Amino acid sequence: MAKKPLIFVGIEGAIPNPLPKKGYVVSETCALLPFGTLRRKENDHFKALSLALELMAPNRKVFVTEKTVEFDLNDPSFDWNHVAPTYLEKQTLGSITVSSTIASTFEKLFDFDHQGTFSYLKEAKVSKQRLRGLSASYAQMVGRTKELHELCEILEQSFEDRGQIASIIGDGGLGKTRLWVEFEKYLEHENTLHFFGTFTLQNETPLHAISEVFGQLVDHFEKKLVFTDQERVFLSYFIDGQSDAELIKNLSPQDLEQNIFQLIRTTLDQLAEEKFAIVMDDIHWADEASQRLIEFMVPLIPKRKQMWLLIHRPAYTPSFTRELFYHPIKLKALDVTQIEAQIKNMMDLKYIAPSTLAKIHEHSKGNPFFVEEIFRHSIENKLVDTDNRIIQDIPLDRGIPMNIQSMVQTRLDHLDAKLFEALKILAVLGSEIYREEADALLSELSFDAKEVLQRLTDEAYLSEISVFPENKIGFYHDIIFEAVRDQNLSEKESTQNHETIANFLIKFHHNNLDKHIFRICDHLINTSYQENQKEYFEKAALQASEHNNFYAAKKYYAHLYINKSLEKNLFPTYFTSLNNTKSIEELERFLQYWGNHTKIENEDPGKGYYFLYGKFLLEQRRLEEVEIFCTKTIDQYKKKHSDNILLPLTSIYIQALTLNHRWPIVCNISLKQLRLLNSQKNAIEKIPYLYALSYLISDNSKNEYLMALDFTSKGMDIVKTFNSVPFYEQDLLFNRYALFQTVHRCNYKLSAKIWSMIIQLRKENGFISELDHCYSQLLVNNFLAGDYNETISNYNEIHQLNEQKQTRHFYYVSFWASLTYLILGNDELFIKHILTARKGRQKDPYFRTMRFYCMGYYHLSKNDFYNAYISFKRLHKFYSKLNVNIVVADAMLLMLSAKIQYRNSIDRDDISKAKQAFSTKTSPNSYNHWSFQMLSLTFARYTDEDFGIDPMATDPKACPNALLKQKMYVEKIKFLDFKGMEKEAKALRKEYQAYRDELELSIPSEHIESFRKNSLFPVP
């Protein structure tokens, strides 16, 4: 059962037959009519109150109330005793009672007789005022029928074919909201579920409107959705802002954002077959995170039966405009006929002269809001007779400005000085304002608040924008708000108003400052700094830090820092906010200031300046500086502190040494630190040193191999013992050890298992911003192990992770995917993925070497040895620049192998080059060891020279690398055939065929036939 707040119209007495809307007869004299079962919005309250007036009769009691009820989507049933208000017993027949909270919000639309805890509903007020969000108050739509039909068709296509996304695009005043209101009527008429969120000018909370939509969606589908415990933590953080969980506190903003993105994605995945629309208004005011989320979701929309609708100005340009499922609906200016219809609706006119109409159309540029402003101006200046339903002429040349901003400004210039002053104060307060705050603020400033707000509303500067239970007013149009804020406030007035509002908010919300502290500081930040403001900025900064809102924290800390009021005990948290917002230049300046004003004896070596500066240098990969800095700092600290206290700083030092491949020093320090921690069996601090030593040990002797395993096992024990081990500490150990297994042991299955463990750890701890890196390593190991089904599955995971922003890892694995499809005999998919890989980093040397490697094998599959030679020659050229002997030697042998097959002979110079390459030392279990074994077989067919490898002794079966193993079988069979060893060749063919049969077990079924016919390494 799902809990949901609903609005009820209740009837006690004579029940009408039939009921005026879908409802539930509880007994012979009681019935309940619920509103808000699809989507709770302010229209529900307006409709409920209107229906209550229709139901008023001498023989029945009617009430309107709101209750949170247990709501079964399939079979709604409600408890009358729970819903019916307690004051119903005292209510007289023929009356309508309304809960006081609903009455106070809607008293602008209805007359009430307030009785304390409840109110009697009398009648609806007669008003032509346009109230945003209340469809009943909109006049007939003009000139947008074609666009409305297009929206309806897109909705139908979304539900019947695949998901679509549309934009209503138009400048201010062109009718975006009006078109949406009409489309919403259609959605309601069709009983189509839809969820709505809107962005506002002053809301700085990331993902605010999306959180609003997501909260509605989760609430409605509560019974259908299943979340893990981890997902529920992020759900609580995203919707309710609760961030007490350690999982949230340990994450960077990037990882936190990515987890929220994934949460929304997996939620919508569960609802893939549900049909509904998501509407986002005023996207042009959306924060960057919201825009990233929308772009992240766009590629997934066609996979669902849902429609997304974005409403925005032309200033916002989506990145997905070329997608076939995207439909931009650009609102054009109204033509003369449409302007005529608008004017007649608006002014209740019978006739307007064509010449006057043409002038209005030309003057307004067809903008509906501009037309409205022209007539407002004309009425205020008595240029038209409002009692006359026929207009022959409007003297537009008499003081009516030629653009909409100037016209709005002219209105403001003629506004009563007292009202204008109040309007400027309200503009600083915000584009949307709580009525109780506006009342109290204006009253405190000696205004007659109720009269001022009423007059500004009557004259269409303000309008009601309440969404129950919030009682809010806002500017009638954002153009008016922008004109007041940007063109009519001097710097001095702005500063004074910000100061006045900040002081007012402090007094008004003195019992609940925490909830409003950001708003208070956002006003204070625009005033001259005073020392008494310090406590508010400290409170706001700390609260923002606790909620991982590092952008807000940085803003408040920076204000204190600039004004020399930032206490030294807050320096570390200021560092954290700068570091997490990637404000590198600002951070470096701050660290320089901190360093110039501190001494080593005053700083905690585990979290003070010296530790954080070392951490900063390490993160920036300024490794030489880290070494010099840490060496000097540790030597100074040792004069007063023990090695145990210096562990955090030493950990940074050891990481820098490891990244710089300073293995002797790494080994020495790591062993020393482990001895220091010997008495603490499962100390978390051991992990960096265990990781360093396990990575360091890459020799061939059994003892050292076992030692590496021993170091890893100890690290694993620590991880298992302490659930609180930070992920990055685990990652250090597992990541390096998996790489050790891949490179030095060719133990691809074990390495793949470790990478799967790392991926699981990342997901469990919320560290998913670099998950594609882990999947890429997993893919490579599955490929080299010959598990092609898993390889393709891993590639699809990476592709899914990178649907919006394709990272370096995506292009990197595209090369491996191309090789996979080449082995499977699918040339078409090979070419597709190699072209995808080329799009990424064309100038990246590593990517170019991968391309030449893949293309070389492609040409070999076609027996095009000349082009294979050219590809491997270019590969050798680029590897030579890297100055890594072993890969240079391998590329040289690949090049010479293709060359001798192309020429069908080998010359003395090539033999000399080959001997030098084969003499390069390799580890017996490394990739290059097996590559040399395989290549020696090719050379053995063309020369009897001794390259230090006995071709008869090479055993393909022993090769752990699936790519090289298949090639070795092919080359060994060709070699045996060349030597006339038919019996041995036949036996090896049989062995190779058995291995290929084994490979087929891990090949997707759709590729088995092409693997049998067109494999890169067919049986000779």
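Let's start in the loop between strand S1 (2–13) and strand S2 (24–27), which is where Pro 18 sits. What you have on screen is a predicted model, so take the geometry as computed. Pro 18 is joined to Asn 17 by a cis peptide bond, with omega at about 5 degrees.

Ala 460 is not a glycine, yet its phi is positive, at about 65 degrees. You'll find Ala 460 in the loop that runs between helix H17 (449–458) and strand S16 (462–464). Ala 460 counts as buried because its relative accessible area is 8%, and the cut-off for buried is under 20%.

Asn 863 lies in the loop between helix H37 (845–861) and helix H38 (865–882). Is Asn 863 buried or exposed? Its relative accessibility is 55%, so Asn 863 counts as exposed, the mark for that being over 50%.

Next, the inside of the protein. In soluble globular proteins, nonpolar side chains tend to be buried together. In this model the largest nonpolar core has 108 residues, and Ile 343, Ile 360, Phe 375, Leu 423, Leu 426 and Leu 456 are the ones with the most contacts inside it. Which helix gives the most to this core? That is H15 (residues 417–429), with nine residues.

Cys 774 brings us to the cysteines. Its relative accessibility is 0%, so Cys 774 counts as buried. Cys 152 is buried as well, because its relative accessible area is 12%, under the 20% limit. As for disulfides, with sulfur atoms within 2.5 Å as the test, the count is zero.

Finish with helix H35, residues 808–823. Its 16 residues reach 24 Å from first C-alpha to last, close to the 22 Å expected at 1.5 Å a residue. H35 is mostly covered, with 14 of its 16 residues buried. After H35 comes Gly 825, whose phi is positive, near 85 degrees.

Technical notes:
Residues numbered from 1 in each chain as written. Predicted model: local features only at pLDDT ≥ 70, side-chain atom pairs only at ≥ 80, totals over all residues. Heavy atoms only, no water. Helix = DSSP H or I, 4+ residues; strand = E, 2+ residues; numbered from the N terminus. Expected span 1.5 Å × (residues − 1). Buried < 20%, exposed > 50% of the residue type's maximum accessible area, 1.4 Å probe, protein only. Core = buried A, V, L, I, M, F, W, Y, C linked by side-chain atoms within 4.5 Å.
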